Amino acid sequence: MRVTRRNKILLSVLACVLVLPVVTVFGLNRYVNDTSVPLTDSLFPESAPKRLLAIFAHPDDEITVAGSLRRMSEEADAEITIAYLTRGEAADVPKVSLSDLAERRTVEANNAGKVLGADNVELFDFRDSELPKADAAKAQETISALIDEYRPSVVISFDDRVGFYGHPDHAQVGVWVKTVLNTRRHAPDFPVKHFYQATLPESMISVAKDLSPTFRDMYPSDPAQGLPEPTVAMTVDSVASEKRAALDAHVSQVTVLQAVQPAYDKLPSWIYFRILSREYFTQIF
């Protein structure tokens with residue numbers, strides 16, 4: 001069949017319409033991600049129980065590694081525990097009272113945990129936004145007790161310098177978790193084999209400082225004081241809808257999340273997390 005010139009033009013236009021978005025997404029993916037960081041399908045060690053404990057400051061902090069948590073929850077015999085030292089009651093969002101917001105965020109944390117396949121969700125009552133002034137011994141005892149109860153082979157938390165984007169509560173949790181693990185790691189029968197801190201590559205930090213007011217205002221200006229370099233990454237585009245659902249579970253925090261992850265609620269999840277398709281970690285041991 002002879003193809004007319006008009007049909008050739010129409011086919012060319014259609015091809016451009018179909019191909020251009022794919023090329024754009026691919027280009028943005030390459031721009032924001034560091035493809036030199038090795039990829040892994042799991043953070044679980046070999047020949048150890050697949051038990052993971054993620055320890056954060058506030059409900060919604062798990063979003064930094066939500067895709068990885070969801071992926072690992074799908075592994076056979078995996079057990080995922082997410083713990084928050086506060087209930088996030090001091091967040092700068094509309095609220096009737098601190099206790100009212102604490103109750104709402106407790107429900108949101110549990111809903112996010114269900115989406116991510118968490119077997120256990122624990123919340124504690126350290127005061128939000130005051131962790132650097134909290135009783136360090138009590139906090140470390142709480143973290144140590146979590147390890148004794150759930151006996152994880154893997155622990156994930158924040159870094160102990162920046163707290164991902166500069167939040168003092170995040171960094172303080174990172175300090176406490178690292179202190180507990182370094183103190184106990186050589187004890188007989190200690191279950192934790194690997195400890196990872198959530199981090200970002202320089203390419204993603206640069207984009208975050210341009211687009212996110214939270215990163216722009218709070219992230220250290222001195223690169224030497226910034227996040228640790230990633231040593232491993234996990235792809236999360238295969239669980240894009242679950243990660244978006246976890247974000248959406250934190251109903252009270254929409255404006256906060258919009259500032260940390262701009263446009264997450266404006267683009268379809270399969271596009272957004274095909275661009276931001278990797279979560280990064282630095283392995284401490």
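Figure 1. H250 is buried, its relative accessible area being 0%. The structure shown here and in the other views is a predicted model. H250 belongs to the loop that runs between helix α9 (240-249) and helix α10 (254-260). When neighbours within four places in sequence are set aside, the contacts of H250 are P59, D60, E62, I63, E108, A109, A112 and L257.

**Figure 2. The largest nonpolar core, with I156 as one of its most connected residues.** The largest nonpolar core comprises 51 residues. Within this core, L52, L69 and I156 have the most contacts. Helix α7 (residues 202-211) is the element that gives the most to the core, with 4 residues. A further core of 22 residues lies apart from the largest one, and F126, L131, V180 and L181 are among its members. In soluble globular proteins, nonpolar side chains tend to be buried together.

**Figure 3. The salt bridge between R244 and D248 in helix α9.** The closest N and O atoms of R244 and D248 are 3.0 Å apart, and the two residues form a salt bridge. Both residues lie in helix α9, 4 residues apart, which is about one turn of the helix. R244 is buried, with a relative accessible area of 19%, whereas D248 is partly exposed, with a value of 38%. R244 counts as buried because its 19% relative accessible area falls under the 20% cut-off. Side chains of opposite charge can pair when their charged atoms come close.

**Figure 4. Two further salt bridges, E74 with R70 and E130 with R127.** The structure holds 14 salt bridges, including the two in this view. The side chains of E74 and R70 meet at 3.0 Å, N to O. In this pair, E74 is partly exposed, with a relative accessible area of 48%, and R70 is buried at 19% relative accessibility. The side chains of E130 and R127 meet at 3.6 Å, N to O. Here E130 counts as partly exposed, with 27% relative accessibility, while R127 is exposed, with a relative accessible area of 56%.

**Figure 5. The largest pocket and its lining.** The largest pocket contains about 1,100 Å³ of space. Its lining has 50 residues, and those that lie nearest the centre of the pocket are F215, L257, A259, V260 and Q261. Two or more lining residues come from each of the elements α1 (5-32), α5 (163-166), α7, α8 (213-218), α9, α10, α11 (269-275) and β7 (278-283). By class, the lining of the largest pocket consists of 30 nonpolar, 12 polar and 8 charged residues.

**Figure 6. The second largest pocket.** The volume of the second largest pocket is about 230 Å³. This pocket is lined by 18 residues, of which P201, E202, I205, L227 and E229 are the closest to its centre. The lining of the second largest pocket divides into 10 nonpolar, 3 polar and 5 charged residues.

**Figure 7. T214 and its contacts.** T214 is placed in helix α8. With a relative accessibility of 14%, T214 counts as buried. Apart from neighbours within four places in sequence, T214 is in contact with Y165, Y219, A259 and V260. Of these contacts, A259 and V260 are also among the residues nearest the centre of the largest pocket.

Figure 8. Most residues other than glycine have a negative phi, and most peptide bonds are trans. S129, although not a glycine, has a positive phi of about 70°. This residue, S129, lies in the loop between β3 (120-123) and α4 (136-150), and S129 is partly exposed at 45% relative accessibility. D189, another residue other than glycine, has a positive phi near 65°. The loop between α6 (168-184) and β5 (194-199) holds D189, and D189 is exposed, with a relative accessible area of 64%.

Terms used: Residues numbered from 1 in each chain as written. Predicted model: local features only at pLDDT ≥ 70, side-chain atom pairs only at ≥ 80, totals over all residues. Heavy atoms only, no water. Core = buried A, V, L, I, M, F, W, Y, C linked by side-chain atoms within 4.5 Å. Buried < 20%, exposed > 50% of the residue type's maximum accessible area, 1.4 Å probe, protein only. Contact = heavy atoms within 4.5 Å. Salt bridge = Lys/Arg side-chain N within 4 Å of Asp/Glu carboxyl O. 1 Å grid on protein atoms, 1.4 Å probe; cavity = no way out; pocket = protein on both sides within 12 Å on 5 of 7 lines; lining within 4 Å. Points joined across faces, edges and corners; volume = space filled by probe spheres on them. Nonpolar A, V, L, I, M, F, W, Y, C, P; charged D, E, K, R; others polar.
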